[in-house]
Amino acid sequence: MKIRSFLLASALAVTVSACGVLDDADPLETGLSAYEERDYQTARISLANAMNAENADPRAAEFYARTLLELGDGRSAERILAMLEERADPPADLAALQAHAALLQNDFDAALELAETAGDTALAHWVAIQALGQSDRFDEALALADSATEAHPDDARLLALRGAMALSQRQPALAKEMADRALASDAESLEGLLLAGQLRLMRSDYGAAQEFYERAATEHPSSMRARFAIAAVEADLGDFDAADAHLQAILDISPSHPLALLLQARLAFAQGDLDDANDIIQSAEAEIGAIPQGRLLMGEIAYLRGFPSLAIAHLQDFLGQMPGHQHASTLLASALMEEGEMEEAWAIAVPLADSATATPQLLALASTLVQERGEEDRFAARLAPGDLPDDFADRASAAQRALNAGNDEEADRLYSSLIEDGGERIAVIMNNGALAALEAGRNAEALQRARAAHALAPRDPRVRDTLGWVLLENGQAAAGLEHLSAAIEGAPGNLQIRWHYANALVANGRNAEARTIIRGIREFATSDQRAAMDALLERI
């Protein structure tokens, strides 16, 4: 299995001329400050001027090279690094920087050799993992990623890369755990924020994805990937003016970049002009197709234009890189159903529809498939009523934000309102409403909501986790353990479920088993979580 190029954590290269600063500020200090603020385009201009100044400060060339690497310009960085190598005191991490430059030029053998020379550093491991993955040596890359994250447990870029690899293996729970760890280590990590957004997109949570992408763009103003991600979500949400503004920003920097062409096609598609979108894609099919989101768009356009077999090929390629993506899976299952491949469509759609976060489109498709098989339709009852208030989605996002922020009373109030307005048929609303009620101290109400969520989505391990935890908090230890045992079987890599399961074991007198589990997950927990775990270990 190859690590696809979308996993590369370097920013896309852009062309910026060294036109000089516009004021009398010291170009070195301006450049260093811009570098620290991750404004690499400004840093590139200022540091280029500083490096060419009379009696140039040695730091100018070093940070110019580092800036070029952050912008993805491996060839130019390689030339500057060769100059630094001739110095009496080159940077201590020179070999790792050279390995990064080689990686950006797709010289994977050189990248591996230089990374080995660099030794046990986070950057060297990060380069080597990707070089191995790009060389079709995925098993070696995976083994190195596991040992590297163990040796450098707080390196956000390594953690995010391991999460991206987990996604390619259809392990979204592990991917989320790695994204959470990356952001706990560095809340401004570009790779962590993009991975977190990608995970939300996979379950069609556009609002949450947008929040992560906007944070990425704010903290990393030179990242074209962050800008593209924001614009793509805006297009999906129908905010075409905002998406077009982001498109113009990308076009101003790099008018022929595949991301710009893809975004143009996305906007045309979102506005209903399939032919225009298809023409744009055809003009640069190879380049756009190399971007995962481009492959998804190509599949969707093919399906809507009446070519299901072509759509299947594109969507299977996309899902090979982003497995579990709900929208792509729904499209692929629909195309397979049109081609008469009912069993394949069933295998793709139904397991995803069992999730509490399944979209209405996926639930409707799964409902059709089970009826075709003559089975009891367990999905029809979950189809959301068509008369939900217009502001329902916005209120649901606000409730989720309140819950995540620990605003327990507000979250409970918002979820109660949503449930009254039709949310009682939506599994994710009932599940999260149960957690909100529990945090607000309304244990009996929490149990009612958790049972209702379980009735709607009985096969979702996260729903069973909630029910088990709420039962435990209501003093029903044996019943709680039963549901948490099922939850951990369904999602064995989920840290929260394992923590809840350990608590249930303690409540049922199985302390030795609980100790083993807690010690196994402790190293992956945040400082607050570790404190809770240590307190429980001390008690038992």
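Reply: Let's start with E116, which sits in helix α6 (helices are DSSP runs of H or I, at least four residues, numbered from the N terminus). The model is predicted, so local features need pLDDT of at least 70 and side-chain atom pairs pLDDT 80 or more, while totals for chains, interfaces and linings use all residues. Residues are numbered from 1 along each chain as its sequence is written, and side-chain values use heavy atoms, leaving out hydrogens and water.

E116 counts as exposed because its relative accessibility is 68% (exposed is over 50%, buried under 20%, partly exposed in between, with a 1.4 Å probe and protein chains only).

Now for the aromatic rings. The whole structure holds two aromatic pairs (ring centres within 6.5 Å; planes under 30 degrees apart are stacked, over 60 edge-to-face, the rest tilted). Y35 and Y40 have centres 5.6 Å apart and planes at 65°, so they meet edge-to-face. Y35 and F63 are also edge-to-face, because their centres are 5.2 Å apart and their planes at 80°. This second pair links distant parts of the chain, 28 residues apart: Y35 lies in helix α1 (residues 27-36) and F63 in helix α3 (residues 58-70). Y35 is buried at 15% relative accessibility, and F63 is buried at 19%. Y40 is buried as well, and Y35, Y40 and F63 form one aromatic cluster.

Terms used. Helices (H or I, at least four residues) and strands (E, at least two) are DSSP runs, numbered from the N terminus. Rings of Phe, Tyr and Trp (its six-membered ring) pair if their centres lie within 6.5 Å; planes under 30 degrees apart count as stacked, over 60 as edge-to-face and the rest as tilted.
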